[in-house]
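Welcome! Have a look at the model below, and then we can go through some questions about how its parts are described.

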Amino acid sequence: MKIGIGYDVHVLKEKRNLIIGGVNIPNDKGLDGHSDADVLIHAIMDSILGAMGKGDIGVLFPDTDNEYKDADSRDLLRQVCNIMKDNNYKIGNIDSIIIAQKPKMRPYIDIMQNNIAEDLETEISNINIKATTTECLGFEGREEGIGAQAICMLVNA
């Protein structure tokens with residue numbers, strides 16, 4: 001059994017889509033980044049890579065490489081899944097949290113869980129996603145950005 005933790009944050013910017021957990025969420029601003037800036041999937045990928053001792057997504061998918069410009073994070077997650085399988089691991093479980101003042105995430109969480117379970121070839125019961133606000137404190141509370149944290153347990157396949 002291996003355990004890893006992941007964290008990601010991106011700034012909110014006009015004229016960008018807000019994509020979290022592979023879901024395009026209607027909002028007046030989206031997350032800015034080299035890829036689609038999906039903070040939840042990025043945190044989950046980092047937790048998986050960390051559990052295996054394989055660094056982080058910046059090592060695997062550097063923001064200096066144009067191959068990953070505007071990349072769909074679900075495609076990247078499937079690549080991480082292949083690395084996990086090649087190293088004889090599978091998901092035990094993932095627990096994650098999205099930190100955003102708005103928009104409300106609850107209407108989208110079931111779809112996010114389905115997306116992530118599908119991409120990681122695991123049961124939906126192994127994927128937990130929560131969301132919280134910061135009661136208007138900090139950069140998330142001021143609606144300057146959105147963050148996400150994830151922890152995963154990998155087990156031998």
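Q: What is the bridge partner of Asn93 in E7?
A: Met153 is the bridge partner of Asn93 in E7. Please keep in mind that this is a predicted model.

Q: What makes E5 and E7 a pair of strands?
A: Two strands pair if there are at least two bridges between them. Strand E5 (residues 89-99) and strand E7 (residues 145-156) are joined over ten bridges, in the antiparallel sense, so they count as paired. One of the partners of E7 is Ile98, whose bridge partner there is Ala148.

Q: How do you know that E1 and E4 pair?
A: E1 and E4 have two bridges, in the antiparallel sense. The rule asks for at least two, so E1 and E4 count as a pair. Leu12 has Leu31 in E4 as its bridge partner.

Q: How many bridges join E1 to E7?
A: Ten bridges join E1 to E7, and the two strands run antiparallel.

Q: In which order do the strands of the open sheet come?
A: The order of the five strands is E4-E1-E7-E5-E6, and the pairing is mixed. What makes E4 and E6 the edge strands? Strand E4 (30-31) and strand E6 (127-132) each pair on one side only.

Q: Which strands does helix H1 lie across?
A: Helix H1 (residues 39-52) lies across strand E1 (2-13), E4, E5, E6 and E7, and runs at about 155° to E1. Helix H4 (residues 106-119) also packs on the sheet. H4 touches E5 and E6, and its direction makes about 145° with that of E6.

Q: Why is H1 called roughly parallel to H3?
A: The axes of H1 and helix H3 (residues 73-86) come within 10 Å and cross at roughly 15°. Angles under 35 degrees count as roughly parallel, so H1 is roughly parallel to H3. The crossing in which H1 passes H3 is left-handed.

Q: Which residues of H1 and H3 meet?
A: From H1 come Ile41, His42, Ile44, Met45, Ile48, Leu49 and Met52, and they meet Ser73, Arg74, Leu76, Leu77, Val80, Ile83 and Met84 in H3. Sorted by class, this contact has eleven nonpolar, two polar and one charged residues.

Q: Where is Arg16 found?
A: Arg16 is in the loop between E1 and strand E2 (18-20). Leaving aside neighbours within four places in sequence, Arg16 is in contact with residues including Lys29, Gly30, Leu31, Asp32 and Asp70.

Q: What makes the approach of Arg16 to Ser35 a polar contact?
A: A polar atom of the side chain of Arg16 lies 3.0 Å from the backbone oxygen of Ser35. The cut-off for a polar contact is within 3.5 Å, so this pair falls inside it.

Notes
Residues are numbered from 1 along each chain as its sequence is written. This is a predicted model: local features need pLDDT of at least 70, side-chain atom pairs count only at pLDDT 80 or more; totals for chains, interfaces and linings use all residues. Side-chain values use heavy atoms; hydrogens and water are left out. Helices (H or I, at least four residues) and strands (E, at least two) are DSSP runs, numbered from the N terminus. Contact means heavy atoms within 4.5 Å. Axes are lines fitted to C-alpha atoms, for helices over the stretch in contact, and angles run from 0 to 180 degrees between N-to-C directions. Angles under 35 degrees count as roughly parallel, over 145 as roughly antiparallel, 65 to 115 as roughly perpendicular and the rest as oblique. A crossing is left-handed if the near helix is turned anticlockwise from the far one by less than a right angle, and right-handed if clockwise. Ala, Val, Leu, Ile, Met, Phe, Trp, Tyr, Cys and Pro count as nonpolar, Asp, Glu, Lys and Arg as charged, and the others, Gly among them, as polar. A polar contact is a pair of N or O atoms within 3.5 Å; within protein, one must be able to donate a hydrogen and the other to accept it, and residues adjacent in sequence count only if both atoms are side-chain atoms.
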